[in-house]
Amino acid sequence: MTPKPPKLKIANRLRVLRAEKDLTQEELAEKVGVTRVTVNCIENGVYLPSLELGYAIARCFGKPVEDVFVLED
Amino acid sequence: MRAHLKRAHRWIVGYAVCFSPCSLLFVYWITRNGGTMPEGGLYGVMNNLGFAWVLSLAYCVAALLFYKEFRESLLSRLAGFREQDERERLVTAHAARNTFLLTLALQTVLLILSLTTVSLVRNPDGHGMLSIGMGFSSSNLDVWAREAPARQEGPGLYFGGHLLPPNTAPIFLLTILIQLAAFRLSSRRGYEGLGA
């Protein structure tokens, strides 16, 4: 049986960064090519994005990915 | 060549859909006239259009089975699939998994019910006996039988028979096997890391 990967808690600073850039969820969603609901789910921690989408979001804010998604202890 | 085929496919499907109301009205009108169609130019034309409609319907049924693109566009719209981004694709995958397992379970239950016989016997001394059995016989394989095999008659038999028509068993078995085979075939490459 394949061992399960450890459960990591990953928070994000999407709401803060969005406010800094004065971006709505709709506008961010359009920039990274997802729906507004998906951005909302990521922001509220309901959905963890793929690595690809994570990097796309980070690039959108001009920050490294670990500044947007933070690993919590 | 492929573009021509696609255009022809769109025309045929469009004709099958758009001519349906006319065709149904025509059939209704003929039925009201006692099932006979008067001779004449317009009726002949309608008859030919109706025949073409039947052929287009037959094409649609075949395309549903063998034309993947058509099947996916039609049935995913019908089921309300939303796959605009990765989260929606994940939601769809979860929903499809649950639906697949539920359908498989339901078909298995129906298969078992079609093979199960129940008989309730009332003895002359007033006591009753309920017997439940399972069996597979050649009558199960006669899918095109007009009626299910007759119930066994016996002294004191109060109720006896199959819970479902026994000749539906091969159909359930076939659909279960096709679903399992289709899933295993389409998921194998993905599980091996070779792409979906």
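**Reading a helix packing**

A: Let us begin with a pair of helices in this predicted model, since a packing is described by an angle and a distance between axes. In chain A, α2(A) and α4(A) pack at an angle of about 115°, and their axes lie 10 Å apart. The crossing of α2(A) and α4(A) is right-handed.

Q: Which residues make the contact between α2(A) and α4(A), and how do they divide by class?

A: From α2(A) come A:Leu28, A:Lys31 and A:Val32, while α4(A) supplies A:Leu53, A:Ala56, A:Ile57 and A:Cys60. By class, the contact of α2(A) with α4(A) has six nonpolar residues, no polar ones and one charged residue.

Q: Which residues of α4(A) are buried, and where do they lie around the axis?

A: To count as buried, a residue must have 20 or more other C-beta atoms within 10 Å of its own. In α4 of chain A, which covers residues 51–61, the buried residues are A:Leu53, A:Ile57 and A:Phe61. They are on the same side of α4(A) because the arc they cover around the axis is only 75°. On the other side of α4(A), A:Leu51 and A:Glu52 are exposed.

Q: What do the buried residues of α4(A) pack against?

A: Their partners come from both chains: α1 (14–21), α2 (25–32) and α5 (65–68) of chain A, together with α5 of chain B.

Q: Is A:Asp22 buried or exposed, and why?

A: A:Asp22 counts as exposed because it has 7 C-beta neighbours inside 10 Å.

Q: How is chain A as a whole put together from its elements?

A: Chain A has five helices and two strands, and from the N terminus on its elements run β-α-α-α-α-α-β. The C-alpha trace of chain A spans about 45 × 25 × 20 Å along its principal axes, and buried residues make up 18% of its 73 residues. Among contacts in chain A between residues at least 6 apart in sequence, 54% join residues at least 24 apart.

Q: How many residues does each chain bring to the contact between them?

A: Chain B gives five residues and chain A gives eight. On the side of chain B that touches chain A, the residues divide into no nonpolar, one polar and four charged.

Q: What confidence does the predictor attach to chain B and to the complex?

A: The mean pLDDT of chain B is 83, with 84% of its residues reaching 70 or more. For the complex, the predictor gives an ipTM of 0.83 and a pTM of 0.73.

Q: Why does B:Thr108 count as partly exposed?

A: B:Thr108, which is found in helix α5 of chain B, counts as partly exposed because it has 13 C-beta neighbours inside 10 Å. B:Thr108 and B:Ile12 are 96 residues apart along the chain, and their C-alpha atoms are separated by 37 Å.

Notes: Residues numbered from 1 in each chain as written. Chains lettered and ligands numbered in written order. Predicted model: local features only at pLDDT ≥ 70, side-chain atom pairs only at ≥ 80, totals over all residues. pLDDT = per-residue confidence, 0-100. Buried ≥ 20, exposed ≤ 12 C-beta atoms within 10 Å, placed from the backbone. Helix = DSSP H or I, 4+ residues; strand = E, 2+ residues; numbered from the N terminus. Arc of directions from axis to C-beta. Contact = placed C-beta atoms within 7 Å. Axes fitted to C-alpha atoms, helices over the stretch in contact; angles between N-to-C directions. Left-handed = near helix turned anticlockwise from the far one by under 90°. Nonpolar A, V, L, I, M, F, W, Y, C, P; charged D, E, K, R; others polar.
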